[in-house]
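The following exercises concern one protein chain.

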Amino acid sequence: KRLTALFSGINRRMIKLLIALALLAYVASVWGNFVSMRSLQEEGEQKIERKIEEALAPLKEKIREIETSISQKYPPVKFLTEKDRKRILITGGAGFVGSHLADKLMMDGHEVTVVDNFFTGRKRNVEHWIGHENFELINHDVVEPLYIEVDQIYHLASPASPPNYMYNPIKTLKTNTIGTLNMLGLAKRVGARLLLASTSEVYGEESPINKWKREGQVV
């Protein structure tokens, strides 16, 4: 009887122990699933947040551009009536001469369109006007036709120094021939006046200007 009672007590303790182990295993399993689900949920939330950020990025950039354009300060511009204000095209307007001409015409109150392929010109030369209602910058090569309505054309597009035009002589020739023909065609089509800028070479080797250049004098 004592042995029976002893075995019976041991069996009860074993059963309780097994039940306890089973409960622990169940709790561990449930907790593991909970942690796994929580991790998946957090990962999903992070992915959603990244997608939202990616979708909003272009909008934020546009807002920054608008804020910059609103807050940007331009040089003082003279007011001209519609009758007096001219629509002026400057080819090569991002170069040294062209950008200074653009400054003068803008401050005089005209509408200025600068066309440049940035072969030798630089955007930074005219970036202080970007966003102004009277100014437009077009990345374009005058070797290709340009369709625009203007009153005046200043054709300055061409590399202006020997190292630049000798770097790509064919492109320079095309700019000064085909590009000039395109600007003449545009002027004829819209009835605009055209000014063609050239170099001192057109005066010949014996001109006073070229003599001064050979002698190293500043012109």
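**Exercise 1.** Describe the salt bridge between Arg 189 and Glu 149, and state where each partner lies.

*Solution.* 
Step 1. The side chains of Arg 189 and Glu 149 meet in a salt bridge, with 3.4 Å from N to O. A salt bridge is defined as a side-chain nitrogen of Lys or Arg within 4 Å of a carboxyl oxygen of Asp or Glu.
Step 2. Arg 189 belongs to helix 4, whereas Glu 149 sits in the loop between strand 3 (135–139) and strand 4; the pair, 40 residues apart, thus links distant parts of the chain. Helices (H or I, at least four residues) and strands (E, at least two) are DSSP runs, numbered from the N terminus.
Step 3. Arg 189 is partly exposed at 44% relative accessible area, and Glu 149 is partly exposed at 47%. The classes are buried (under 20% relative accessible area), exposed (over 50%) and partly exposed (in between), found with a 1.4 Å probe and protein chains only.

Before continuing, note the basis of these values. The model is predicted: local features need pLDDT of at least 70, side-chain atom pairs count only at pLDDT 80 or more, and totals for chains, interfaces and linings use all residues. Residues are numbered from 1 along each chain as its sequence is written, and side-chain values use heavy atoms, with hydrogens and water left out.

**Exercise 2.** Determine which residues are joined with Arg 85 into one salt-bridge network.

*Solution.* 
Step 1. Side chains of opposite charge can pair when their charged atoms come close.
Step 2. Arg 85 forms a salt bridge with Glu 82, the closest N and O atoms being 2.7 Å apart. Glu 82 is exposed at 62% relative accessibility, whereas Arg 85 is buried at 19%.
Step 3. Arg 85 also forms a salt bridge with Glu 111, where the closest N and O atoms are 3.1 Å apart. Because Arg 85 lies in the loop between helix 1 and strand 1 and Glu 111 in strand 2 (residues 111–116), this pair ties together parts that are 26 residues apart in sequence. Glu 111 is partly exposed, at 27% relative accessibility.
Step 4. Through shared partners, Glu 82, Arg 85 and Glu 111 are joined into one network. The whole structure contains 6 salt bridges.

**Exercise 3.** Characterise helix 4 by its span, its bend and its buried residues.

*Solution.* 
Step 1. Helix 4 has 22 residues and reaches 31 Å from its first C-alpha to its last, close to the 32 Å expected. The expected span is 1.5 Å times one less than the number of residues.
Step 2. At Thr 175, helix 4 bends by about 30°; the bend is the angle between axes fitted to the seven residues ending there and the seven starting there.
Step 3. The buried residues of helix 4 include Thr 172, Thr 175, Gly 179, Thr 180 and Met 183. They pack against strand 1 (87–91), strand 4 (152–155), helix 3 (162–167) and strand 5 (193–196).
Step 4. Thr 180 has a relative accessible area of 11% and is therefore buried. Leaving aside neighbours within four places in sequence, Thr 180 is in contact (heavy atoms within 4.5 Å) with His 155, Thr 175 and Leu 196.
Step 5. Just after helix 4, Gly 191 takes a positive phi of about 70°.
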